[in-house]
Amino acid sequence: MGRISADAGGKGVERGAAVGSGREETQEERADRQWTDLLQELRVAQTGVQILFGFLLAVVFQPRFADLSTTDRNIYVVTVMMGSATAAALIGPVSYHRLLTGRRMKPQTVAWASRLTKLGLGLLFCTMCSTLLLILRVALHNVLALWLVGAMALWFLACWFVFPLWAIARGGNTKPGNDGRSPDDGDSGSAG
């Protein structure tokens, strides 16, 4: 699978990319690239989670919180717990990386960090829907809140999961003569 290519000094350097994959990189180079990509994705998600979680923590200290019904308080508690779980899952890859740095486990680190990120995105979806439910129940006091949350949940699912899966089903970035692999095959979203 690996190929030998000449580096700047004319020495042969083994490369780990498969023929036709569109990249020539060792397993370590691929893991480094995937880690960098994953960090960029996490920065976006973590910022949103931190703002949302900060908002959720402040709600309980507002004077109107005492006026919430038991159902709304229960929704709030579930929302805060999901927000905590989301923050843990999306910050977890940083801890995972820090604890495994220097142990020559970068590919495994990237795989597990990717799994935690996917879990975090699923939890973020649930947290966002629960937050919307709480806010819209308080604002509207009727069943319209459920319909609006349901519509927004479908939109989140479409943007976060359906559109990317549709792109994969349609062939993504594969090019003819490329053995059916995309240029980023095995990118940070995969376990390999």
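**Exercise 1. The order of elements**

Task: In what order do the elements of the protein chain run from the N terminus on?

Solution. Start at the N terminus. The elements run β-β-α-α-α-α. Now count by type. The chain has four helices and two strands. Keep in mind that this is a predicted model. Next, place the helices along the numbering. Helix α1 covers residues 27-59. Helix α2 covers 70-100. Helix α3 spans residues 106-140, and helix α4 spans residues 144-169.

**Exercise 2. The chain as a whole**

Task: What percentage of the 192 residues of the protein chain count as buried?

Solution. The share is 32%. Residues 24 or more positions apart account for 62% of them.

**Exercise 3. Helices α1 and α3**

Task: Are α1 and α3 roughly parallel or roughly antiparallel?

Solution. Two quantities describe a pair of packed helices: the angle between the axes and the distance between them.

- Step 1. Take the angle and the distance. The helices α1 and α3 pack at about 20°, and their axes are 10 Å apart.
- Step 2. Apply the cut-off. Angles under 35 degrees count as roughly parallel, so α1 is roughly parallel to α3.
- Step 3. Look at the residues. From α1, the contact includes W35, L38, L42 and F55. From α3, T109, V110, L124 and M128 are among the residues that take part.
- Step 4. Sort by class. The contact of α1 with α3 has 14 nonpolar, seven polar and two charged residues.

**Exercise 4. Helices α2 and α3**

Task: How do α2 and α3 run, roughly parallel or roughly antiparallel?

Solution. 

- Step 1. The angle is about 160°, with the axes 8 Å apart.
- Step 2. An angle over 145 degrees counts as roughly antiparallel, so α2 is roughly antiparallel to α3.
- Step 3. The handedness comes next. α2 passes α3 in a left-handed crossing.
- Step 4. The classes complete the picture. The contact of α2 with α3 divides into 19 nonpolar, 13 polar and three charged residues.

**Exercise 5. Helices α3 and α4**

Task: Is the crossing of α3 and α4 left-handed or right-handed?

Solution. 

- Step 1. Begin with the angle. The axes of α3 and α4 cross at roughly 155° and come within 9 Å.
- Step 2. Apply the cut-off of over 145 degrees. Therefore α3 is roughly antiparallel to α4.
- Step 3. Now the handedness. α3 passes α4 in a right-handed crossing.
- Step 4. Find the residues. α3 brings L121, F125, C129 and R137, among others. α4 brings, among others, V149, A153, F156 and W160.
- Step 5. Sort by class. The contact of α3 with α4 has 19 nonpolar residues, no polar ones and one charged.

**Exercise 6. The core**

Task: Which residues have the most contacts inside the largest nonpolar core?

Solution. They are Y76 and C129. The core has 28 residues. Four elements, α1, α2, α3 and α4, each give two or more residues to this core. α1 gives the most, with nine residues. Then follow C129. Beyond its neighbours within four places in sequence, C129 is in contact with V149, A153 and F156. As background, nonpolar side chains in soluble globular proteins tend to be buried together.

Technical notes
Residues numbered from 1 in each chain as written. Predicted model: local features only at pLDDT ≥ 70, side-chain atom pairs only at ≥ 80, totals over all residues. Heavy atoms only, no water. Axes fitted to C-alpha atoms, helices over the stretch in contact; angles between N-to-C directions. Parallel < 35°, antiparallel > 145°, perpendicular 65-115°, else oblique. Left-handed = near helix turned anticlockwise from the far one by under 90°. Contact = heavy atoms within 4.5 Å. Nonpolar A, V, L, I, M, F, W, Y, C, P; charged D, E, K, R; others polar. Core = buried A, V, L, I, M, F, W, Y, C linked by side-chain atoms within 4.5 Å. Buried < 20%, exposed > 50% of the residue type's maximum accessible area, 1.4 Å probe, protein only.
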